[in-house]
Amino acid sequence: MGETLVTELFGDSARRREARRRTAREFQKERTAAELTVAFAMAACGGVGAAEALARRYGHYLVPYEWTERLNTGLRSLLWGDPSVELAGYLLWTAGMVLLLLAVLPGHARLELLKGDDPAVSAALTREGLRRALADAALGVPVVEGVRVRVGWKIKVRGYVPRGTPPEAREPLRRAVHARLEEIRPQRRRPVVVRLGRRG
Amino acid sequence: MARRGLALAGLALCATSGAVLAMNRFLGGRAVLGEGTSDFIAGHVWFWPVVTALLAMTAVLGVCWLLAQGRAAALRRLTLLGGRRKALTNEAVAALTREVMGMPGVHDVRVRFTGTRSRPRVMLQILCHESADLGLLLTRIGEDSLVRFREVIEMPDLHAVLRFRLVYQETRIA
């Protein structure tokens, strides 16, 4: 029986991992412009180059003869040590790094991905939505009259209470915010800072 | 896949830039297209066929990538179903919309079915009240509504994407 339980446990965590991965992929920001540019450049440069090489083999020209001749002469007179070659090298390096960063950086369009157990369902909430839901939970605490919530690296909640309210009033506010976070189940875990502000 | 393509293109550009900068540093006095290069090309008959093959391969990869992007965009935006199945799916989408609208805390919902029979996808944009229990909603939609939806349209591999937004109630926030 113990063996079955362990198998179930591992099966569940594998499903959760798969669900997490699929949700991240689903809400990953698309890099359409960059992909279109690179794919088009590859198709155009490769196509024209291959066609020109084939045409030359059979005694024809695809690209005007003067253009290729000008390029040929230019490359013959250009030295490797020329500053323009160095500039071209750095430009290529910059373009390569931009593409690498576009490929690696997640870029989740201001969405909070939600935890789930089913890989066939991906869910997300807007970051603004998370902020509002937490503000609503904080306002549900009787003594809290106003609230300010910030969602960044940390979740910062400042509840405004009447002057003279004891500092212990922070505890129900903290519990309400944590309970709402437990309901929403965002994938990203952030530290939660709850403070009280006095009014009146 | 697409991001892997971008990463490979980026790596290729960085490697080329490394080669160019190394030449710039160590072979500064030589011409980019010197006598040595011309002699090498003239002495090896395989040079131009290999260059042509590499260029053709690059062009084919580029065209395949463009086609793959077009296909992915179409699958995400269009319903590529025909006849009876399309009608069945439309009915099921209407029923799913009604069902989700009836759930507690839901203010509005938009359901969109896209893709083909072999790669189906359903997108739900759900507008909720601030106090809605999103965890409960997600569980009910995922474990009840979508299970029924998959059965009705006979697509067990359907992938569902849910986007929650909350109704704005300005007066309640300090």
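How many residues of chain A are in contact with chain B? Colour the two chains and take a look: 61 residues of chain A are in contact with 56 residues of chain B (in contact means C-beta atoms, placed from the backbone, within 7 Å).

Before you click on, a quick note: this is a predicted model, where local features need pLDDT of at least 70, side-chain atom pairs count only at pLDDT 80 or more, and totals for chains, interfaces and linings use all residues. Residues are numbered from 1 along each chain as its sequence is written, and chains are lettered from A and ligands numbered from 1 in the order in which they are written.

Now select helix 2 (32–57) of chain A. That helix gives the most to the side touching chain B, with 15 residues. (Helices, H or I, have at least four residues and strands, E, at least two; both are DSSP runs numbered from the N terminus.)

Five of them form an open sheet in the order 1(A)-2(A)-3(B)-2(B)-1(B), with mixed pairing (strands pair if DSSP finds at least two bridges between them). Strand 1 (111–113) of chain A and strand 1 (106–115) of chain B stand at the edges, each with a single partner strand, so one side of each has no neighbour in the sheet.

Zoom in on strand 2 of chain A and strand 3 (residues 159–166) of chain B: they pair in the parallel sense over five bridges. Pick A123(A) there, and you'll find its bridge partner, L162(B).

Then go to strand 1 of chain A, which runs antiparallel to strand 2 of chain A, joined by three bridges. Here E112(A) stands opposite L125(A).
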